[in-house]
Amino acid sequence: MRELIIGDCLINDESDCFVIAEVGHNHQGSVKIAKQIFDKAKEAGANAVKLQKRDNKNLFTSEMYNSKYNSNNAYASTYGKHRDALEFGMNEYIELQQYANKLGLLFFATPFDLHSVDFLEKLEVPLYKIASGDLKSDPLLKYVAKTNKPVIVSTGGGEMNDVRRAHDIITAENPKIAILQCTAAYPCEPEEMNLNVITNFRDEFPDKIIGLSDHQSGIGMALVAFTLGARIIEKHFTLNRSMKGTDHAFSLAPVGLTKLVRDLKRARVALGNSVKQSIEKE
């Protein structure tokens, strides 16, 4: 039987969907805004909130770190300083972790490098997420696996052989893995989502939870994914889609996330038990 325990949530084929509100850097470098996003995620019914953690000076080359950054979404004149403006340190992470715990939300992050795994381990986060771009990053996969925490893997960065390889690398250390279908397009159009891969993943990994990292702007495709067997849905989340930043435009606002959680719960009961019955109701 496929199942995964994250915090106090048991995820399996019969359970409600585990919904992750991906905050990313939509907080704009503000703890106050991050808390407001957490509040709305809780009100919407999400199970977890997720940030992204980078050790910018070690992750980027000096050339890239110091390169000019002229985007309308820039928070500084160079790419590195822009990234630094959006990066929380330990004090901010502790404050946000405590706030999420108070709300009853699981709090975790995607580490983009080994230093960031060490950073998050100090916080004793309950799980990890591997970004699509790191599907082939063997050292990071192994390092995260050795924490013995549940690992959620997005697969937008490769093909089936790459997914098998990442699965094998992680499960050699740690069986607690979930695999998310993902298309690394921001935003992602419906014709790019290839949701039938969810069925292939369920066949390929019969004891693993399968899900969807969804970059499509609406909520309908996540419902299709649920009917195909996805039991983890990750959606980027913001207070307002017109805010400054690269991810807001394809993120869900509070009304959208509320409707998504509601409809995912409805979908589970609407699927029924597959036994044809005669029901008459006035």
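Reader: How many Å³ of space lie in the second largest cavity, and which residues line it?

Author: In this predicted model, about 30 Å³ of space lies in the second largest cavity, and its lining is made of Leu135, Val153, Thr155, Val163, Ala166, His167, Ile177 and Ile179. Sorted by class, the lining has six nonpolar and two polar residues, and no charged ones.

Reader: What is the volume of the largest cavity, and what surrounds that space?

Author: A cavity is a space where a probe fits but cannot get out, and two cavities of 30 Å³ or more are counted in this structure. The largest cavity has a volume of about 40 Å³, and it is lined by Gln181, Cys182, Thr183, Cys188, Met193, Leu212, Ser213, Asp214 and His215. The elements that give two or more residues to this lining are strand 8 and strand 9 (209-214), with the largest share, three residues, coming from strand 9. By class, the residues of this lining divide into four nonpolar, four polar and one charged.

Reader: Turning to the pockets, how much space lies in the largest pocket, and which residues lie nearest its centre?

Author: About 530 Å³ of space lies in the largest pocket, which is lined by 34 residues, with Gln52, Arg54, Arg83, His236 and Asp247 nearest its centre. Strand 4, helix 4 (79-85) and strand 10 are the elements that give two or more residues to the lining of this pocket, and helix 4 contributes the largest share, three residues. The classes in the lining are 10 nonpolar, 16 polar and eight charged residues.

Reader: Which elements supply at least two residues each to the lining of the second largest pocket?

Author: They are helix 8 (160-171), strand 8 (177-182) and helix 9 (197-204), and helix 9 gives the most, with three residues. About 200 Å³ of space lies in this second largest pocket, and among its 14 lining residues, Thr155, Gly158, Glu159, Gln181 and Cys182 lie nearest the centre.

Reader: How should I read a strand such as strand 3, and are its faces covered or open?

Author: The general idea is that, in a regular strand, side chains alternate between the two faces of the sheet. In strand 3 both faces are covered, with Phe18, Ile20, Glu22 and Gly24 buried on one side and Val19, Ala21 and Val23 buried on the other. Seven of the seven residues of strand 3 (residues 18-24) are buried, so this strand is largely enclosed by the rest of the structure.

Reader: Which strands pair with strand 3, and over how many bridges?

Author: Strand 3 runs parallel to strand 10 (residues 232-236), to which five bridges join it, and Ala21 stands opposite Lys235 in strand 10. Strand 3 also pairs in the parallel sense with strand 4 (residues 48-53), over four bridges, and there Gly24 has Leu51 as its bridge partner. From strand 3 the chain crosses through helix 1 (residues 31-44) to strand 4, and this β-α-β crossover is right-handed.

Reader: Where does Asn26 lie, and is Asn26 buried or exposed?

Author: Asn26 lies in the loop between strand 3 and helix 1. Residues under 20% relative accessible area count as buried, and Asn26 is buried, with a relative accessible area of 2%. A polar atom of the Asn26 side chain lies 3.0 Å from the backbone oxygen of Phe237. His27 lies in the loop between strand 3 and helix 1 as well, and His27 is buried, with a relative accessible area of 1%.

Key. Residues are numbered from 1 along each chain as its sequence is written. This is a predicted model: local features need pLDDT of at least 70, side-chain atom pairs count only at pLDDT 80 or more; totals for chains, interfaces and linings use all residues. Side-chain values use heavy atoms; hydrogens and water are left out. Buried means under 20% relative accessible area, exposed over 50%, partly exposed in between (1.4 Å probe, protein chains only). Two strands pair if DSSP finds at least two bridges between them. A crossover is right-handed if, with the strands pointing away from the viewer, the path from the first strand over the helix to the second runs clockwise. On a 1 Å grid over the protein atoms alone, a cavity is a set of points where a 1.4 Å probe fits but cannot get out, and a pocket is an open set with protein on both sides within 12 Å along at least five of seven lines; lining residues have an atom within 4 Å of a point. Grid points are joined across faces, edges and corners, and a volume is the space filled by probe spheres set on the points. Ala, Val, Leu, Ile, Met, Phe, Trp, Tyr, Cys and Pro count as nonpolar, Asp, Glu, Lys and Arg as charged, and the others, Gly among them, as polar. A polar contact is a pair of N or O atoms within 3.5 Å; within protein, one must be able to donate a hydrogen and the other to accept it, and residues adjacent in sequence count only if both atoms are side-chain atoms.
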